[in-house]
Every structure is written in structure tokens, then in C-alpha cells.
Amino acid sequence: MTDTTRKATRPAPPAAPAGPERAPAPRTARTRRRLTPWLFLIAPLALLLTFTYAPIANMVAYSFTDWDGVSPELNYTGTGNYTELLTRSELFEVFFVSGYYLVASVVQIVLALYFATVLSFNVRFRNFFKGVLFFPYLINGVAIGFVFLYFFQDGGTLDSVLRLLGAETDHAWLGTPFSANTSLAGVSVWRYLGLNFVLFLGAIQSVPGELYEAAEIDGASRWQQFRHIIAPGIRPVLGLSVILSVSGSLSVFEIPYIMTGGATGTETFVIQTVKLAFQFNKTGLASAAAVVLLLIVLAVTWVQRRIVPDEKVDLV
Amino acid sequence: MNRRTALAGPIAVLALLASACTGTGGSSKGADAEAPDDPSGVRGSLTVLTHRTDLVQDGTMKKYAAEFNKTYPGVKVEFDALTDYEGEVKIRMNTENYGDVLMIPAVIEKKDYPKFFASLGSEAERSAKYRFTDYATVGGKVYGQSPIGVVPGFIYNKRVWSEAGVTDWPTTPDEFLDDLKAIRARTDAVPYYTNFKDMWPLTQWTNVNGSVGCDPDATTRLAEGDPWAEGADLRVADTLLYDIVRGGLAEKDPTTTNWEASKPRLAKGEIATMWLGSWAVVQMQDAAKQAGTDPADIGFMPFPAQKDGAFCAVTSPDYQQAVNVHSDDKAAARAWIDWFTDESGYAQANLALSPLKDAPLPEVLKPYGEKGVKLIDLDDAKGGEVKTIDNQSEVGIYKPDYRQELVDLARGARKGSLDDFLGDLGERWAEARDSLGS
């Protein structure tokens with residue numbers, strides 16, 4: 001990574017200065033050359049620092065205080081919030097809910113892989129199906145929440161469709177913890193399938209076409225093509241998708257928050273954190289919870305990279 | 001690698017800066033906003049923060065401002081309507097720019113009022129004229145005044161109730177349940193609608209506090225006792241809600257309810273009853289007009305409990321208007337609050353209880369007057385303490401969570417018994433109170 005960027009940012013060999021003047025002192029030229037990339041970087045870096053790192057630093061600072069979110073007074077409490085967090089096991093029970101989303105993300109990756117593979121071959125209405133699959137990802141998460149609220153309503157879309165198919169159901173889809181979490185995880189699959197699909201499709205299409213031709217000449221079946229060309233070709237993207245899914249499952253928020261607000265056993269760790277901060281005014285404790293979640297996600301990612309290292313793939 | 005180390009420096013600096021940013025404000029603690037003596041002499045321009053986006057959009061607030069200018073020609077009033085009032089004002093209050101006049105957000109702790117707001121006068125002086133002064137009193141000084149008062153109660157559809165053969169208000173929770181059963185048996189209406197999904201309607205049940213025991217010191221008892229002790233107001237209320245849901249008297253699928261849609265449904269008689277407050281009557285009547293049904297069908301009744309043969313209803317304030325302690329035009333701001341509370345007619349327009357002690361009962365509450373319902377003002381001296389215990393314990397009597405769990409428990413989506421559930425709440429409450437050392 002670094003190599004390429006450095007090459008890219010290094011200007012081409014200096015063009016001969018116009019006119020017969022003396023060339024500028026090599027020292028200033030070198031400083032200026034070294035400064036140029038930073039000048040370009042000022043804007044994005046300033047934005048990154050202001051809107052990403054500064055708030056995070058602020059949050060970490062709050063996590064060591066008892067701040068309530070508005071009061072002008074705040075006291076330094078040391079690691080008190082972290083001790084409280086780690087000694088209250090019930091605060092971590094909500095991670096069971098993430099299990100539903102973890103299972104759902106497996107389904108999601110398999111489905112996305114399947115569709116990406118199928119649509120990478122010549123299929124009729126290929127672009128139409130691509131659009132259909134990717135479309136949900138473009139919709140605002142809040143809108144999706146509201147749409148699916150009507151979908152799961154008593155006598156709503158889902159019930160009507162099932163009735164058309166002859167299955168009369170009287171099931172309250174968001175009524176029990178199991179049913180509610182499954183429904184919500186289903187919505188999450190519907191929403192994020194498109195993203196995985198596009199990532200996979202891009203990776204598959206970057207595999208050189210000759211490989212398929214060669215494989216076909218050798219008499220390889222579609223499954224063999226997938227197994228020996230596509231699968232190894234998209235491994236890095238697959239690894240990335242898994243990491244995104246795991247961290248996503250641990251920090252689910254939008255869909256359950258809008259649809260159920262965390263009621264009926266659908267509370268996730270992030271919803272719980274938001275409630276601590278904005279309902280019970282324990283901003284300090286909630287900041288600590290957010291930091292802990294960040295650490296958990298980092299740890300999970302690290303373990304995963306250890307188990308499945310990112311190898312260089314060389315197909316040819 | 002060297003790039004990363006280069007970045008670490010600025011980040012550390014930013015972290016320090018950012019943490020230094022919090023903890024500003026509150027320097028001019030203890031200012032007073034005194035009422036001006038000469039109305040025509042008051043000059044200034046005011047920004048009024050309000051949660052009534054509807055009234056700002058339809059121009060009603062502008063009319064109030066024009067009316068206000070007749071008495072105070074030198075004051076320019078502008079409104080800043082915020083949809084997510086609580087959330088936005090909370091963040092703005094970290095700076096000094098949160099308007100000149102604003103509604104005190106519920107999140108602000110009472111003890112912090114003097115840091116944020118200018119005093120309107122002493123409690124002794126104001127309580128002679130106004131209701132609800134103790135809700136904003138800190139150290140003998142009043143920091144806010146609610147322009148209206150509300151009374152909690154059941155909104156019900158009179159037509160449906162009389163079709164079910166019920167004409168008198170039930171006087172005990174059991175009688176209330178029997179009436180709901182009659183509605184279920186004899187009409188097509190949903191006897192009770194929880195509005196579970198929208199959450200805040202469930203928090204309204206906490207306003208039962210005081211109505212059962214008819215005790216003006218009910219809030220103090222929350223702070224000092226177990227709110228879910230046998231016979232305590234909140235236990236009676238929560239048990240009634242539990243029994244309603246348990247008995248299948250509520251809507252079939254509470255998890256997908258819809259507040260906006262519930263209004264026309266009540267007006268049309270598809271829903272028979274909801275526990276809300278007097279403020280909701282206007283909205284239901286509007287919904288009835290839009291749905292083409294009779295607004296006179298919307299009825300309002302107190303909690304089914306009597307003390308010495310009389311119903312009790314608690315009056316409580318809405319958002320309280322206050323003056324920003326950092327405002328440059330405190331006199332003008334004070335003039336606006338006084339005028340809005342005393343003369344604007346805002347309370348009448350909202351069919352609400354006037355904050356003036358000597359004002360007559362509004363139309364909505366006329367039946368209360370006829371049936372001898374006793375209106376009591378709760379003593380809110382310990383109100384701040386109750387909020388602190390509530391947050392510390394994470395029970396949330398003013399938040400929807402525990403009642404959502406209660407409803408889940410009642411409909412079998414959650415395991416456990418009611419006694420254990422309420423007992424656990426009481427324990428957490430007591431624990432938090434003890435840890436606060438009161």
C-alpha cells in the first residue's frame with residue numbers, strides 16, 4: 001500500500017525550468033516536494049481529525065468521568081465506569097442478540113456469493129437482477145425500518161402475501177423475542193445483501209476472462225470453475241466481508257432501534273448504550289461502554305486475522 | 001510507519017483540547033430576570049425555543065407575538081421550533097446559545113437550574129398566583145413556569161362504552177376490567193390500546209401516581225418509600241395495565257402499534273380506551289372531525305380509584321418556560337413569559353388547565369367538576385430526587401422500558417411473575433436510593 005502511494009505522490013522528474021534562470025536551490029526544492037502531498041492532504045485530514053478522531057478522543061475522555069450529558073460539572077472518576085461495566089454482567093447479556101445477526105450474516109454471505117456467481121455468468125436480465133439486489137442498500141435505514149414495520153404489522157404486507165399463498169397465519173412477527181429477532185435479522189439480510197453482492201461481483205469480474213475460457217476448454221463444470229477459480233480469486237474480499245459482518249453483528253443499531261426500540265428482547269449493545277446515555281443520563285458510563293465495544297470489535301478482528309491470514313492470491 | 005507517529009501528535013493534542021471544551025458555561029450563576037415596570041420601555045429581541053412546531057408552522061405563534069407587541073412594542077420575538085426538542089436543546093445547552101426563552105428540557109436536573117436559567121422570583125411570592133411553582137423551585141427561587149397544566153386520565157369513546165352498557169365511570173380497577181370485558185363482548189372495538197411501539201404513551205402511566213391514594217405528597221413517597229409496595233399508587237397502576245393485557249383486553253399485536261393511526265381509530269370507535277391526559281382530548285376531537293364522526297363522543301375519565309367516595313386527579317405541568325441565564329434581554333424575556341402565562345389565552349386554546357390559580361376549569365374538565373373529582377397539586381419538593389434515583393437505578397419510571405417489559409410479561413413474551421417483576425424494580429429502586437445516601 002505505502003509503496004504505491006509514495007510512488008504516486010512523488011512528482012515526475014522535475015521539468016526543466018523555463019528560461020535560463022538558475023535552478024532553485026536543491027534544498028528548497030526538496031522541502032517543497034516533500035510538502036506538496038501534505039498540502040493536498042490538509043483538507044481530508046482536517047475533516048478526518050475534526051469529525052472522526054476528535055469525537056473519539058472526546059468520548060474516551062468522557063468515559064473516565066461521571067458526566068450526565070448536559071451539566072456543566074463533571075468529575076473525574078478514574079476507571080470507575082469501566083469497573084462498573086465489567087462487574088455488571090447483565091449489560092453483556094445483550095450480546096446473545098448479536099447471535100441472531102451473526103447467523104443471519106452467514107446466510108447473507110452465502111446468498112450474496114451465490115447471486116454474484118450466477119450473475120457473473122451470462123444470464124438473461126442480468127443487469128436488472130443486479131439492480132434489484134443492490135437497490136435495498138441505497139435506501140435510508142430509517143425508511144427501511146418504517147417500511148418493515150408495516151410489513152410485519154398484524155394484517156400487514158407479510159400476512160397478506162401469506163394469505164394469497166393460502167397460508168392463513170395469525171402470528172405476531174415481532175411478538176416474541178425469537179420471532180422478533182429473527183424478523184429483524186431478516187430485514188438486516190435484505191438490506192445488506194446488496195453490499196456483499198456488489199463486493200463479490202466486483203471481485204469475480206476482476207478475475208481474468210481467459211481463465212474461464214481455459215477452464216471451459218479443459219472441460220471444467222460450473223461448480224469446478226467456482227471451486228478453483230472464483231473462490232480463491234475472491235478470498236480477500238470474502239475475508240473483508242466476514243470481518244464487516246462480525247463487527248456489524250456486534251454493533252447492530254438502526255433496524256432494531258427504529259422498529260422495536262429494543263423492546264421484547266431485541267435490545268443490542270449499542271441500543272443499550274444509547275439508552276444509558278440519553279435516557280438515564282449516564283454519558284460517562286455509556287462512553288465507557290462504547291469504548292469497550294470498540295475494543296471487542298478490534299479484538300475479534302485481530303483473532304480472525306490470526307486464524308485466517310490474508311494471503312496473497314496468485315491465480316496465474 | 002513514520003506517518004503514523006506523525007499523526008499521533010495532533011491526535012493527542014486534539015484529545016486534550018476536546019476534553020477541555022466540556023465544562024463551559026454556568027459562570028453567571030444566580031442571575032434574576034425581573035419583570036419590567038414600563039411595558040413600552042422594554043427593548044430587545046428574543047429567540048423563543050419551542051417544541052410546538054405545529055403552531056409555528058401554521059402561524060399561531062406569530063399571532064401570539066403580534067398580540068404581545070401591542071403591549072410591548074419594543075420587543076422583537078422570533079421562534080425557533082425544534083422537532084426533536086429534547087435532543088437538540090440538550091446539545092445546545094452545552095453552549096451559551098440556547099435562545100432567550102426556552103422550555104426546560106426534562107433531562108436537566110433540578111439542582112442545575114440556577115446554572116442555566118435566570119430566576120423569575122421567589123417561591124413564596126409566585127406560588128400565591130401560579131400553579132406548579134414548586135416544580136421549578138431551587139433554593140426558594142423559581143426558575144420556570146409552565147403555561148398550561150394537564151390532568152392524566154383515560155380518553156374513551158363514549159359511544160362504544162355506552163353500547164357496551166357502561167354509563168358510569170368505574171370506581172375500582174376490577175370494575176374497570178369488567179367494563180373492558182363488556183366492551184370486548186358486546187362491541188367490535190379493541191377495549192384498550194397500549195401504544196406499546198411508540199413507547200411514550202406507556203410512560204403516561206406514571207402520572208397515575210397520586211390519584212389512587214389522593215395524596216399530595218405522592219412524589220415524596222416515591223423518593224422515600226418503595227413505589228411498588230403493596231397498595232402503592234404505581235403498583236396499582238402497573239397491576240391494572242398487567243391485568244388488561246393479561247386478560248386479552250388490549251390490542252392483539254402491541255409491537256406494531258401506531259400513535260398517529262390510533263387517534264382516528266379511537267374517534268371512530270375502533271378503539272375504546274387509552275390512558276393519556278387531558279391534553280390528548282383536543283387531538284382526538286380533531287381526529288374525530290377529520291374522520292367525520294362526532295367530536296362529542298370523546299370522553300375523559302379519571303383513574304378508577306376512589307378515596308372517601310371521590311375520584312382524585314393530579315394536575316401536572318407541561319414544559320416550563322424559562323429565561324436563559326446568558327440572555328442579554330432578560331427583562332424582555334421575562335415580559336414574554338409573564339404575558340404568555342397570564343394573558344395569551346394559550347391554555348384556553350389548548351383546552352388545558354390554566355396555570356393561574358384562580359382561573360376556571362377548562363371545558364374538557366367540566367365533567368370532573370360536576371362529578372366532584374378532586375384535583376390535587378402534587379408537592380414536587382422531592383421531584384429532583386426522584387429523577388436522580390430513577391436514573392441511577394435505571395428503572396425508568398419516566399421511561400418506557402420497564403412498562404414494555406411489563407406488557408411483554410403480561411402477554412407471555414417474557415417469563416416471570418408480576419410479583420417478582422415489581423419486587424425486583426422495588427429492590428433496584430431501594431438500592432439506588434441507598435447508594436445516593438439519602
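In the predicted model, buried residues account for 30% of the 316 residues of chain A. The secondary structure of this chain consists of 14 helices and zero strands, and the order along the sequence is accordingly written as α-α-α-α-α-α-α-α-α-α-α-α-α-α.

Chain A and chain B touch one another through 30 residues from chain A and 31 residues from chain B. On the side of chain A that touches chain B, helix 2 (26-62), helix 6 (141-152) and helix 8 (177-205) of chain A each contribute at least two residues. Helix 2 of chain A provides the largest share of this side, with six residues. By residue class, the side of chain A that touches chain B comprises 17 nonpolar, eleven polar and two charged residues.

Within chain B, helix 11 spans residues 233-246 and contains 14 residues. The distance from the first C-alpha of this helix to its last is 20 Å, close to the 20 Å expected at 1.5 Å a residue. Helix 11 of chain B is largely enclosed by the rest of the structure, because ten of its 14 residues are buried. A residue is classed as buried when 20 or more other C-beta atoms lie within 10 Å of its own. The buried set begins with the run Asp233(B), Leu234(B), Arg235(B), Val236(B), Ala237(B) and Asp238(B); Leu240(B), Leu241(B), Ile244(B) and Val245(B) are also buried. The elements covering these buried residues include helix 8 (173-186), helix 10 (218-224), helix 18 (401-410) and helix 19 (418-435) of chain B, together with strand 10 (190-192) of chain B. Just after helix 11 of chain B, Gly248(B) adopts a positive phi of about 70 degrees.

Chain B also contains an open sheet of three strands, arranged in the order 5-7-6 with antiparallel pairing. Strand 5 (121-122) and strand 6 (137-138) of chain B form the edges of this sheet, each pairing on one side only. Strand 6 of chain B pairs with strand 7 (residues 141-142) of chain B in the antiparallel sense, over two bridges. In this pairing, Lys141(B) in strand 7 of chain B is the bridge partner of Val138(B).

Technical notes: Residues are numbered from 1 along each chain as its sequence is written. Chains are lettered from A and ligands numbered from 1 in the order in which they are written. This is a predicted model: local features need pLDDT of at least 70, side-chain atom pairs count only at pLDDT 80 or more; totals for chains, interfaces and linings use all residues. Helices (H or I, at least four residues) and strands (E, at least two) are DSSP runs, numbered from the N terminus. The expected span of a helix is 1.5 Å times one less than its number of residues. A residue is buried if 20 or more other C-beta atoms lie within 10 Å of its own, exposed if 12 or fewer, and partly exposed in between; C-beta atoms are placed from the backbone. Two residues are in contact if their C-beta atoms, placed from the backbone, lie within 7 Å. Two strands pair if DSSP finds at least two bridges between them. Ala, Val, Leu, Ile, Met, Phe, Trp, Tyr, Cys and Pro count as nonpolar, Asp, Glu, Lys and Arg as charged, and the others, Gly among them, as polar.
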